[in-house]
Amino acid sequence: MRSTGQRGELLVAERLIGQGWSVAHPFGDNEPFDLMVNKGERFLRLQVKATLEQHNYRCNRPHYQFQLAHGPSSKKRYTADQVDFFVCCALDSLRFWVLPFSAATVITLKIYNGVDSRFHRYEDAWVLLEK
């Protein structure tokens, strides 16, 4: 749903502006990134992925799920020359995960609650954008 993505982009932009980043949104849907951000000499392309709420399937633990791909059926992977970071946003809890492109090794990212989640270290890891 388009409004879910737009809400995620606005929330991420608000967080980044609060941390001193300049944020630009490309006009149209022609670019593979959602936000271009700048702080000092650092320019980055961010792809924002948002979900409304946790998935709670009978055969699986509750988790947030994000599609780190695009195109028909979300099966086309982004490339390193298109996106520098993925920022995943859970709209129901206002939780954010900041993943460098190199950490996004799956098309469907599932983030489970708890410190045993392999993506736990990326929650609120905004500092990674500055490295």
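This is a predicted model: local features need pLDDT of at least 70, side-chain atom pairs count only at pLDDT 80 or more; totals for chains, interfaces and linings use all residues.
In what order do the elements of the protein chain run from the N terminus on? I read them off as α-β-β-β-β-β-β-β-β-β. That gives one helix and nine strands. I took helices as DSSP runs of H or I with at least four residues, and strands as runs of E with at least two, numbered from the N terminus.

Residues are numbered from 1 along each chain as its sequence is written, and side-chain values use heavy atoms, without hydrogens and water.

Next I checked the overall size. The radius of gyration is 14 Å, which agrees with a compact globule of 131 residues, because that would come out near 14 Å. (It is taken over C-alpha atoms; the rule is 2.2 Å times the number of residues to the power 0.38.) I also looked up burial: 40% of the 131 residues count as buried, meaning under 20% relative accessible area with a 1.4 Å probe, protein chains only.

I found β1 (residues 22-24) pairing with β2 (residues 35-39) in the antiparallel sense over three bridges; pairing takes at least two DSSP bridges. Ser-22 stands opposite Asn-38 in β2.

β2 also pairs with β3 (residues 42-51), again antiparallel, over five bridges. Here Val-37 faces Leu-44 in β3. I noted that β2 and β3 make a hairpin with two residues between them. In its turn, Gly-40 has a positive phi of about 65 degrees.

Key
Buried means under 20% relative accessible area, exposed over 50%, partly exposed in between (1.4 Å probe, protein chains only).
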